[in-house]
Amino acid sequence: MSSSTAPDAGIDAEDLASFHEHLNKSTRVLALLGAGLSASSGLPTFRGAGGLWRTHDSVSLATPEAFNTDSSLVWQFYSYRRHMALQVQPNPAHYALAKLARKMPGFQALSQNVDGLSQRADHPPGQLQLLHGTLFEVRCMDRGRCGHSETNFVLQAKQQSKDLDISDVKVPLASVKTHDLPVCPKCKQYLLRPGVVWFGESLPEQVLDNVDKFMDAGGVDMIMVIGTSAKVYPAAGYIEDARAKGARVCVVNMDENDRPAGGWKKGDWFFKGDAATLVPRLLEPVIGRVEP
């Protein structure tokens with residue numbers, strides 16, 4: 001494993017040259033994206049919600065059971081998260097990955113993030129698979145028969161925030177009546193719910209199918225693991241799958257103790273630091289300089 005722990009924007013010249021040499025020869029690249037990608041945008045983590053949400057267990061609010069028990073509370077929590085996501089901007093790493101997707105048809109990103117920052121950086125939708133859904137989609141609770149879903153990054157948040165408490169102040173949570181919660185505009189019977197994957201729910205089959213098709217289409221030159229420990233399956237499994245297809249592994253993370261699934265292999269790269277700084281430099285030979 002090659003590694004770089006140089007401070008600031010410094011990367012070991014030999015590691016960088018080795019990475020760039022391989023990148024320039026690569027035509028098929030898979031990237032696994034995690035919360036560390038958005039960290040320098042200033043977005044609080046899922047478990048780090050502040051203000052009035054400090055008294056709530058965020059994990060307990062991210063289940064179908066919680067929504068069935070107290071739809072109002074869950075809607076307020078996700079309205080808060082949408083509001084917070086809209087207060088920050090995509091960082092240079094988001095723009096660099098989006099630019100790589102436009103330059104390299106054989107690039108595919110699998111994101112565990114729901115914050116919408118990759119989409120706002122204009123990442124081509126066909127090259128961005130959202131493993132856990134997105135805060136900016138809502139869908140009908142009756143998915144089997146109705147199946148309505150919609151995505152809106154601006155109006156949706158504004159409309160819902162008129163009635164739902166998305167403030168970050170230490171005041172008691174307002175009580176929102178069920179009849180004031182958003183109802184599906186198609187069937188007009190069931191509530192809309194956030195378009196994220198809750199604990200206990202299956203991952204989206206279409207996303208998994210899309211990644212499997214990418215893996216089955218040929219060899220893989222490289223897999224980049226950015227801002228995630230990639231220890232949770234099925235995402236972690238793609239590292240070994242990519243290795244089996246000939247890929248070299250590049251990890252970009254703040255924690256040098258995070259090992260990729262399967263451990264380190266000869267020829268792997270590890271770049272320690274902020275993804276917003278490192279990713280644009282790593283991809284520069286292909287995408288040029290990033291100007292968000």
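Both faces of strand β2 are covered in this predicted model: Val-29, Ala-31 and Leu-33 are buried on one side, and Leu-30 and Leu-32 are buried on the other. Overall, 5 of the 5 residues of β2 are buried. In a regular strand, side chains alternate between the two faces of the sheet. Strands (E, at least two residues) and helices (H or I, at least four residues) are DSSP runs, numbered from the N terminus.

Strand β2 pairs with β3 in the parallel sense over 5 bridges, and 5 bridges likewise join β2 to β8, again in parallel. Two strands are taken to pair if DSSP finds at least two bridges between them. Leu-32 takes part in both pairings: the residue stands opposite Leu-110 in β3, and its bridge partner in β8 is Val-225.

Strands β2 (29-33), β3 (107-111) and β8 (222-226) are also among the elements against which the buried residues of helix α8 pack, together with α7 (205-216) and β9 (248-253); contact means heavy atoms within 4.5 Å. Helix α8 comprises residues 237-244, and its buried residues are Gly-237, Tyr-238, Ile-239, Ala-242 and Arg-243. Just after α8, Gly-246 adopts a positive phi of about 100°.

A separate set of residues is annotated in UniProt, where an unreviewed entry lists Cys-140, Cys-146, Cys-184 and Cys-187 under "binding site". The UniProt positions follow the numbering used here, feature names are shortened, and annotations may be inferred rather than shown by experiment.

Cys-146 is located in the loop between β5 (133-140) and β6 (149-151) and counts as buried, at 11% relative accessibility. Not counting residues up to four places away in sequence, Cys-146 touches Cys-140, Cys-184, Lys-186 and Cys-187. Cys-187 lies in the loop between α6 (155-161) and β7 (192-196) and is partly exposed, with a relative accessible area of 22%.

Residues are numbered from 1 along each chain as its sequence is written, and side-chain values use heavy atoms, with hydrogens and water left out. In this predicted model, local features need pLDDT of at least 70 and side-chain atom pairs count only at pLDDT 80 or more, whereas totals for chains, interfaces and linings use all residues.

Methods: Buried means under 20% relative accessible area, exposed over 50%, partly exposed in between (1.4 Å probe, protein chains only).
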